[in-house]
Amino acid sequence: MNKLVSFISFLVIFLLASLPTDAADLNGLIASLKGGGYVIVFRHGATDDSQKDVYPFKFDDMSAQRQLNDKGRAMARELGAALAKLGVPIGEVYTSRLNRAVETGRLIGGKDVSPVDELTDSGAGSASSMANPDGKNVKVGRAVRELVSAPPRAGANTLAVTHKTNVTDAFGKEFADIREGEALVYKTSASGQAAFVARVQASEWIALAGS
């Protein structure tokens, strides 16, 4: 019985997390974001599949890691413009140490970023890990959750740009389908872990800003 209840609970959470954000919900979310206090976790933008990550990572060697493609750069710029037009205040921007995340963060945030270990690809560039993240890296997951739970400075929202593997490690396999450029929004609290609020596709931010 307990297993059945657990399965049903997981299924409900999975279905809710998979639902697209409707216009009314997104408008309400934007209104809340304008007051700050949230952390927006982005997966980096679209990349060039012809490039491969090399292990161990050489963070200053652009030939040794997969980069954003033109579509990924354009989308990140549009996202940044959309957030600015919607009046979403952005404070700190933390990213993975891999350049595709650093570039995504700079283009969305419109400012310098702070690359950190906990957001750097926990799959270590493994194609199988990236294709099928299993959420088993407990240490990385805990570090990501701690970063996401840290309240932003007053009146601002923190951006965190990372990878599918890190998202799964931190928040569970129900988010293993996170798309490039998709965001998970968390409300921070001074008394505990941040609470999941919504997942928003890049196209949804951009469409709302253009409406």
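In this predicted model, helix α3 (residues 70-86) and helix α4 (residues 99-109) meet, their axes coming within 7 Å and crossing at roughly 35 degrees. The crossing of α3 past α4 is right-handed. On the α3 side, the contact is made by Arg73, Ala76, Arg77, Leu79, Gly80 and Leu83, while α4 contributes Glu103, Thr104, Leu107 and Ile108. Sorted by class, the residues of this contact between α3 and α4 comprise five that are nonpolar, two that are polar and three that are charged.

Attention now turns to the aromatic rings. Three aromatic pairs are found in the structure. One of them joins phenylalanine 171 and tyrosine 186: the ring centres are 4.6 Å apart and the planes lie at 25 degrees, so this pair counts as stacked, given that planes under 30 degrees apart fall into that group. The two partners come from distant parts of the chain, 15 residues apart. Phenylalanine 171 belongs to helix α7 (residues 164-171), whereas tyrosine 186 sits in strand β5 (residues 183-189). Both phenylalanine 171 and tyrosine 186 are buried.

Definitions and conventions
Residues numbered from 1 in each chain as written. Predicted model: local features only at pLDDT ≥ 70, side-chain atom pairs only at ≥ 80, totals over all residues. Heavy atoms only, no water. Phe/Tyr/Trp six-rings, centres within 6.5 Å; stacked < 30°, edge-to-face > 60°. Helix = DSSP H or I, 4+ residues; strand = E, 2+ residues; numbered from the N terminus. Buried < 20%, exposed > 50% of the residue type's maximum accessible area, 1.4 Å probe, protein only. Axes fitted to C-alpha atoms, helices over the stretch in contact; angles between N-to-C directions. Left-handed = near helix turned anticlockwise from the far one by under 90°. Contact = heavy atoms within 4.5 Å. Nonpolar A, V, L, I, M, F, W, Y, C, P; charged D, E, K, R; others polar.
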